[in-house]
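Hello,

Here is the structure I promised to pass on to you.

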Amino acid sequence: MKTKVRVRKDFFMSLFAVILGLVAGAGLMIATGNNPFEGFYYLLRGGVMNIERIGNTLATATPLIFAGLSVAFAFRTGLFNIGGAGQMLIGGLCATAIGLTFAWPKPLLLTAIILASLLGGALWAALPGFLKARFNVHEVVATIMMNWIAYWTVFYIVPWYFKGPFLETESQRIPEAASLKVPWLTSLFSGSYINLGIVLAVIFVLISAFILERTTLGYELKAVGYNRDAARAAGINVNRNIMLSMAIAGALAGLGGATFYVGFASNMQIGVLPAQGFDGIAVALLGANSPWGVFAAALFFGLLHTGKGFMNAMTAIPPEIADTIIATIIYFAATSVLIERNWDKLKKIKPKALFRKGKVEKLEAEAGGEK
Amino acid sequence: MIDLVYQIFPYAIAFTIPLLITSLGGLYSERSGVVNIGLEGLMLMGMFVGAYTISQVESASPGMAVWYGLLAATVFGALFAVLHAFACVTLNADQVISGIAINMIASAVTVYLARFFTGSGNVQIIRGMSRLTIPVLSDIPVLGRLFFTHTYATTWLVLLILAVSTFVLFKTRFGLRLRACGEHPHAADSAGVNVYLMRYLAVIISGGCAGLGGAIFIVTLSGEYNGTAAGLGFLALAALIFGQWKPWGILAATFFFGFASTIANVSQVIPVLAQIPGIYLKAFPYVVTLIALVLSSKSSQAPKAAGEPYDKGKR
């Protein structure tokens with residue numbers, strides 16, 4: 001019963017943040033002389049109007065699902081992983097390196113790519129986890145630093161070893177065998193960007209939900225998240241769990257990087273931190289840190305990102321409206337305390353009393369009118 | 001060797017100054033107890049507003065345009081920071097999440113507006129700030145050449161702000177109160193300090209500084225707004241931590257980082273430096289910040305209440 005109330009509350013809070021985000025987006029459209037209804041219509045239509053677009057929405061959502069899971073997983077242990085972008089870069093770099101180096105058959109190569117990106121991301125996040133556990137270095141600052149170390153690592157490693165034939169700023173294209181795109185899936189969605197990443201994403205949503213809800217490990221991780229001291233007193237190895245949680249979060253983000261750089265895209269651009277790493281925070285907040293919530297929130301953001309190009313083609317609205325909406329959603333999700341406070345107040349008023357009060361006022365108003 | 005230093009120095013200083021003023025902004029905010037991850041976004045807002053203002057008034061008043069741009073960027077940076085202050089102080093929101101939201105809102109909204117105004121999403125200015133040589137002082141051997149030739153007026157402005165800020169934060173009643181809010185807000189409150197007001201002011205000042213920093217970067221180094229602050233705000237944050245939340249520490253840290261970044265940027269054309277792989281120079285600020293965090297973990301100088309929303313009812 002209690003969890004049901006909790007879920008309902010989370011759902012309405014998320015819905016509220018989304019509505020405020022959409023209102024802010026509408027405000028910006030109006031301020032720049034556009035019709036918001038038209039804008040939202042094309043935004044939605046651009047994401048779902050045909051099977052190819054739906055495929056693109058799913059493909060865009062894939063890295064967001066991983067980034068969101070990553071943030072959510074760490075959050076359940078009371079850790080804030082804002083290093084998703086860096087972990088994605090390292091995961092993508094590992095995947096690209098393997099894809100460009102080995103000429104193995106596709107199943108073997110993809111297995112190696114997935115494992116490498118998992119491991120790369122996990123190690124990249126394990127260091128802030130270690131610093132947190134051993135030296136109590138704040139993981140927010142540490143993961144920010146790791147983001148930029150990853151940024152510069154990719155910035156120099158890619159041109160050194162994997163320079164593309166035309167541009168200094170991108171890697172070579174990965175061969176067909178190293179891509180998560182498979183012909184049957186691509187033709188099923190009539191040539192969209194969709195790839196095996198979405199299948200992996202669903203699998204990892206299930207795995208995350210299973211770990212968090214059904215295993216001792218998940219119980220310990222959450223216990224550390226709820227109350228570190230109580231967990232320690234109960235005999236849980238807090239430091240080990242902190243490192244483990246960060247490593248798992250990093251592994252998820254790393255795999256997300258693989259689904260982006262060797263799934264959605266076919267090469268790596270240097271000089272860009274993937275925006276999905278930060279969007280993942282919005283995804284996790286909106287999804288109330290639950291794996292399926294993350295899945296739904298990522299699909300919604302995928303829709304916004306896929307639809308924005310079409311909207312830009314059909315109206316004069318710049319595509320950054322989607323990013324504005326997402327950013328505003330984060331802002332309001334951060335300030336949800338206000339909503340939460342009022343929610344509790346609302347609950348205290350009994351629905352019957354509310355009705356009666358409304359009725360009395362209405363009667364009074366009528367009486368006043370008659371006077 | 002000394003010629004090399006002479007060559008690099010003006011660029012290193014030019015790179016240091018926007019970092020310094022932004023980092024100083026972070027100092028105000030964090031000393032009052034509000035963590036400001038949003039420096040990057042506030043800088044970006046300053047870059048956009050500065051570049052746009054200058055591009056608009058450039059033809060009408062070529063001489064003063066850059067100063068109008070700097071002023072507008074400071075004002076809009078401060079206004080934009082109100083959003084962060086509102087979330088963190090009034091609504092008790094998570095300061096990190098709010099800061100991230102500030103970064104994302106800045107990059108989305110400024111690119112949106114830039115596209116709306118110019119079509120391309122880039123805002124260019126024709127004339128940046130001109131370098132000037134200070135008459136008498138530039139004749140001092142070595143130092144004169146390093147510090148007083150080919151300098152920007154903004155460099156001296158920022159150093160002045162640094163000096164004034166140090167005085168204000170550590171020698172005035174206002175500064176003491178502000179720092180008290182970051183160390184022990186309840187004690188400050190019971191001594192009659194309005195914690196909410198102090199934190200609002202600090203975050204707004206930090207927004208103004210970061211906005212100014214962004215605009216200085218535009219008028220001295222880049223010459224255009226192109227939709228990203230390229231991590232400068234985070235570099236300033238790293239400098240704030242590496243400088244251990246002290247004004248002179250920040251000056252040293254930003255100078256180190258500015259010098260390292262400049263060497264990395266020019267290393268391709270200078271043979272002596274080309275031997276050092278750029279990756280080490282570019283990653284250096286972030287690595288040393290991590291190391292500094294580890295080394296200072298036992299005796300961190302971080303404001304004690306930074307990151308905690310102030311709740312009056314909690315004792």
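A residue is called buried if 20 or more other C-beta atoms lie within 10 Å of its own, exposed if 12 or fewer, and partly exposed in between, with C-beta atoms placed from the backbone. This is a predicted model, where local features need pLDDT of at least 70, side-chain atom pairs count only at pLDDT 80 or more, and totals for chains, interfaces and linings use all residues. Residues are numbered from 1 along each chain as its sequence is written, while chains are lettered from A and ligands numbered from 1 in the order in which they are written.

Two loop residues in chain A come first. With 13 other C-beta atoms within 10 Å, N136(A) is partly exposed. Its phi is near 55°, a positive value in a residue other than glycine. N136(A) sits in the loop between α5 (106-135) and α6 (139-161) of chain A; helices (H or I, at least four residues) and strands (E, at least two) are DSSP runs, numbered from the N terminus. S190(A), also not a glycine, has a positive phi of about 35°. S190(A) is found in the loop between α7 (183-188) and α8 (197-214) of chain A, and it is exposed, with 12 other C-beta atoms within 10 Å.

Next, the interface. Counting a contact when the C-beta atoms of two residues, placed from the backbone, lie within 7 Å, 36 residues of chain A are in contact with 35 residues of chain B. On the side of chain A that touches chain B, α5, α6, α12 (276-286), α14 (321-334) and α15 (336-348) each supply at least two residues. The largest share, eleven residues, comes from α6(A).

Now for chain B, which has 13 helices and two strands. Along its principal axes, the C-alpha trace of chain B spans about 60 × 45 × 40 Å. Buried residues make up 52% of its 315 residues. Of the contacts in chain B with a separation of 6 or more, 77% are between residues 24 or more positions apart.

One helix there deserves a look: which residues of α11(B) are buried? Among them are I250(B), L251(B), F257(B), F259(B) and I263(B). The cover over the buried residues of α11(B) includes α1 (2-31), α6 (153-171), α10 (232-242), α12 (271-274) and α13 (278-295) of chain B.
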